Number of protein chains: 2
Amino acid sequence: MKDQIIISKATIDRLPLYYRTLRRSQEEGLEIISSEELGHRLGVTPEQIRKDLAAFGQFGKKGVGYFVRELIRNIGEILGLDRKWSFAVVGIGHLGWALVHYRNFKALGFHLAAMFDVNPEKIGQDIGGVIVDPIERIEEIIKERNINIGVIAVPQSQAQAVADRLVGAGVRGIWNFAPCKINVPESVKVVNEDLSVGLSSLSYYLGRML
Amino acid sequence: MKDQIIISKATIDRLPLYYRTLRRSQEEGLEIISSEELGHRLGVTPEQIRKDLAAFGQFGKKGVGYFVRELIRNIGEILGLDRKWSFAVVGIGHLGWALVHYRNFKALGFHLAAMFDVNPEKIGQDIGGVIVDPIERIEEIIKERNINIGVIAVPQSQAQAVADRLVGAGVRGIWNFAPCKINVPESVKVVNEDLSVGLSSLSYYLGRML
């Protein structure tokens, strides 16, 4: 059933925002929310919301709205958030440091299970109950803790080597912050994150507006 | 001329990657690059590259490839990178700290011109020659230094107040890392950055692959 669904990347990228906003609405006691109200809270048009959600099922009642709890459960299932993923961050520099302190991952059910670095000053540090381990222990710890996702926050020159070790250790997904392409077997999914994109797209729009 | 071009968000998001990869190719001494080679370096299909670049002009020679220097200049112009934007980061917590240390912004021509925080321990710190100023000075400094872009890296509860001050001070664009919608006048462009999206989309794909 699930495999028959084809959803655009843009829709998939909006689903976590829907999920978070619905959770917040639920905390406020809302049981039903209209696409207008949801759109208002998200800064997305009601039409876009109806289109996105229609792509994978019938979650609302016409003229009434969406049932908040049901929609949260459904989007959570679609995003695989019901699975409790564990992730490891490799590279505890400025960016890695920010990532391991980012609170919203936990709220989405992602568990920070390990951290790795080469710097002796970083190794042994306790961040929220997790210890920074030396990079030599990647394989052992990834297997031991059953970690599914590796986050690459090392400099570009080390990104491929780290990716190889993560793949060898058995991760199924890599979230890559290094500004370069990494090569992995087809069985491993890579999501590249590029912080330059945000500023560049602002620059694009501002250049057109001025 | 420029205003007649309509380009999809997905294409705009890929342009900075093209730009960076082309710059690196140029540094290696390449004068001409085929869409196959560019695709190989980017992890994007040659078809996608040809389609993206065809959307705003004729930059290559059939059977030869793209002229690297010309393409860099053109993409730079499209992205507005020839304008030398100045940006300010508000909130020097873990994420703000990572942003002000991120090197790729400078390589794209973005100039970090100011930083603001409320924490007395942060205020006065010198990061790469720029001093962290108290948040009370936003209006004065934004105007004085002619800053176009404000980056919001404060907690959600303060995001709207910071946005209001940035807009009041005259920024034209806001890059918002707070996990909430901010309201600004239509004349100001907002790009929302949500780090949860990367992990959630990995979760989505992995859920389908396992």
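**Stop one: a serine in a helix**

Select A:Ser25: its relative accessibility is 0%, so this residue counts as buried (buried is under 20% relative accessible area, exposed over 50%, partly exposed in between, with a 1.4 Å probe and protein chains only). Before you go on, this is a predicted model, where local features need pLDDT of at least 70, side-chain atom pairs count only at pLDDT 80 or more, and totals for chains, interfaces and linings use all residues. Residues are numbered from 1 along each chain as its sequence is written, chains are lettered from A and ligands numbered from 1 in the order in which they are written, and side-chain values use heavy atoms, leaving out hydrogens and water.

A:Ser25 sits in helix H1 of chain A, residues 9–27 (helices are DSSP runs of H or I with at least four residues, strands are E runs of at least two, numbered from the N terminus). Leaving aside residues up to four places away in sequence, A:Ser25 touches A:Leu30, A:Ile33 and A:Arg41 (contact means heavy atoms within 4.5 Å).

**Stop two: the sheet**

Now show the strands of chain A: 3 of them make an open antiparallel sheet, ordered E1-E3-E2. E1 and E2 (60–61) are at the edges with a single partner strand each, so one side of each has no neighbour in the sheet. Pick A:Ile32 and you'll find its bridge partner, A:Phe67, in E3(A). E1(A) and E3(A) pair over 2 bridges (pairing takes at least two DSSP bridges between two strands).

**Stop three: helix H4**

Select residues 68–78 of chain A, where the buried residues include A:Leu71, A:Ile72 and A:Ile75. The buried residues of H4(A) pack against H1, E1, H3 (46–54) and E3 of chain A, together with H9 (196–209) of chain B.
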